[in-house]
Amino acid sequence: MITFGMVADSQVQRAGSGKRRRRVSRWAVLALLCFSLLLIAVDATVLHIAVPALTADLEPTAVELLWIIDVYSLVVAPLLITFGTLGDRYGRRRLVLAGYAVFGMASAGAAAAGSPAVLIVARALLGVGGAMIMPATLSIIREVFTDRRERAFALGVWSAVAAGGAAVGPLIGGVLVEHAWWGAVFLINVPILLVLLPAAARLLPESAGADATRHRWDALSAALSVLGILALAFGLKEAGSGQVLGVAPALAIFAAGAGLLAVFVRRQRRLAHPLLDVELFARRGFSTGVATVLLAVFALVGLELMLAQYLQLVLGDSPLAAAVRMLPLMVAAVAGGLSAARLLRSCGLRATMGGGLALTALSLAPTLWWGTESHPVLLTLCFAGIGFGVQVALLAASDTIMAAAPESRAGGAAAIEETAYELGAGLGIAVLGTITTVVYAPAVPGLAGVSGAATAQARQSLAAAAHVAEQIGGTAGRALLRAAREAFVGALHSAIGVSIALLATTALAAAVLAPRRPPDDDPS
């Protein structure tokens with residue numbers, strides 16, 4: 001932060017090594033913070049490939065499985081702004097170090113979890129630790145890199161790490177599940193954090209926002225945002241299954257969550273120093289950019305989970321083979337990130353943002369006609385189109401968001417953008433996972449040789465059906481697995497159809513509502 005820059009400069013001046021040493025210090029901080037961010041981003045998607053192995057071991061219900069995967073992003077999203085303001089008030093270095101400790105302990109707990117409930121709690125604590133670390137990484141980068149050219153490059157690296165971590169998560173998960181066990185996807189965090197913790201303690205001096213302590217921290221707003229989002233997610237998941245409380249209570253909880261968020265928004269408008277600057281949404285370009293981020297990540301992360309299961313449980317790929325087949329998505333996303341700036345200059349914001357979303361929707365469309373047969377070439381092309389389109393749209397949306405916000409409110413705009421990323425991931429899994437569950441369960445028929453209890457377990461998820469089919473064996477087991485695969489493909493088509501409709505609508509809105517071209521901004 002500013003404090004760090006002053007300390008680093010004074011140390012460099014005493015050492016007499018001049019400008020080169022200052023640059024080494026800045027880039028060392030960038031490397032440390034990007035590695036921290038990589039852990040957080042990877043953890044959002046690393047479980048996607050591990051779902052079949054995890055299901056066979058812990059036997060979670062459909063709702064428990066969604067919570068295991070989803071609770072991380074749903075906890076991170078509302079806590080980002082909360083911990084961002086706490087870091088400004090009490091010190092970012094202190095918060096980063098505490099976040100490392102929480103993340104490390106939660107990782108060890110998740111790896112050792114022996115039941116779905118324990119794993120859900122551990123994943124929620126991982127979300128708490130991630131939310132403590134993530135806002136500070138961006139704030140420190142913005143303050144340490146005072147030169148605009150260097151800061152633009154550093155923020156570009158930060159953005160690439162955030163997107164790349166989410167994309168590479170399934171590959172890391174595939175390698176670890178293939179050669180170890182599903183708990184290794186969490187356990188690997190512990191030795192990395194043992195290295196990062198002393199490095200951060202040495203490199204990151206304490207700092208806080210200059211005016212953070214002048215205003216009272218609004219704990220009520222923080223509680224309203226967290227409880228509102230979690231209530232929405234729980235109500236949605238439970239309404240889709242009705243396993244714990246039933247549909248009517250689930251809808252009541254969903255409505256209560258919506259009510260809490262409405263109170264939160266009203267409270268932010270009344271406060272002189274709100275936790276979330278909701279007035280920014282009155283700007284058309286800002287709202288369009290945030291909606292694009294939310295829905296692009298919604299489609300990417302939600303469908304990545306479903307397609308990972310499709311590759312393993314329908315097409316029969318191993319965890320590592322499924323992860324490798326998803327590599328074109330990651331490579332294309334990197335290519336999209338490298339191409340986005342040029343596309344923005346030549347085509348303008350509207351065409352780049354709307355075109356990226358439209359390409360994503362078109363790349364998803366062929367999967368609506370797939371069954372249980374393999375389409376290796378077309379699948380590769382679809383993954384490439386999804387990765388390129390999403391990344392181009394995200395970078396154009398980020399440009400739109402920051403251009404629409406005045407300089408004095410850039411921090412609040414960035415916080416909202418980060419929240420949209422995590423909330424999009426959480427909602428994507430919640431909504432698309434619930435749609436898949438609702439369509440899948442009744443489509444799995446009762447079969448001769450399969451007991452009612454086994455059928456009920458198979459209707460929880462395709463991973464559960466594969467586990468049950470393996471236990472039954474023989475002709476009945478093969479018939480159950482075949483029926484479950486067909487039911488899952490039908491459910492996947494429903495989720496993809498919803499995604500295509502949302503992406504197409506957002507692409508049209510971006511083409512009409514976004515600014516035509518980015519503002520001229522010479523960083524010199």
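**A note on helix H16 and the spaces between the helices**

1. Let's start where two helices touch: Gly-285, Phe-286, Gly-289, Val-290, Thr-292, Val-293, Ala-296, Val-297, Leu-300, Leu-307 and Leu-311 of H12 are in contact with Leu-379, Phe-383, Ile-386, Val-390, Ala-393, Leu-394, Ala-397, Thr-400, Ile-401 and Ala-404 of H16 (contact means heavy atoms within 4.5 Å; helices are DSSP runs of H or I with at least four residues, numbered from the N terminus). By class, this contact has 17 nonpolar, four polar and no charged residues (Ala, Val, Leu, Ile, Met, Phe, Trp, Tyr, Cys and Pro count as nonpolar, Asp, Glu, Lys and Arg as charged, and the others, Gly among them, as polar).

2. Before going on, please note that this is a predicted model, in which local features need pLDDT of at least 70 and side-chain atom pairs count only at pLDDT 80 or more, while totals for chains, interfaces and linings use all residues. Residues are numbered from 1 along each chain as its sequence is written, and side-chain values use heavy atoms, with hydrogens and water left out.

3. The axes of H12 (residues 284-314) and H16 come within 8 Å and cross at roughly 155 degrees (axes are lines fitted to C-alpha atoms, for helices over the stretch in contact, and angles run from 0 to 180 degrees between N-to-C directions). H12 and H16 are therefore roughly antiparallel (the term covers angles over 145 degrees).

4. H16 (residues 376-404) has another partner in H15 (residues 349-364): their axes come within 7 Å and cross at roughly 155 degrees. That makes H15 roughly antiparallel to H16. Residues in this contact include Gly-356 and Thr-360 of H15, and Gly-385 and Gly-389 of H16. The contact of H15 with H16 divides into 13 nonpolar, seven polar and one charged residues.

5. Of its 15 lining residues, Gln-309, Gly-433, Thr-436, Thr-437 and Ser-461 lie nearest the centre. This lining has nine nonpolar, six polar and no charged residues.

6. The second largest pocket has a volume of about 490 Å³ (a pocket is an open set with protein on both sides within 12 Å along at least five of seven lines). H17 gives the most to its lining, with five residues. The lining residues divide into 20 nonpolar, two polar and no charged.

How values were computed
Parallel < 35°, antiparallel > 145°, perpendicular 65-115°, else oblique. 1 Å grid on protein atoms, 1.4 Å probe; cavity = no way out; pocket = protein on both sides within 12 Å on 5 of 7 lines; lining within 4 Å. Points joined across faces, edges and corners; volume = space filled by probe spheres on them.
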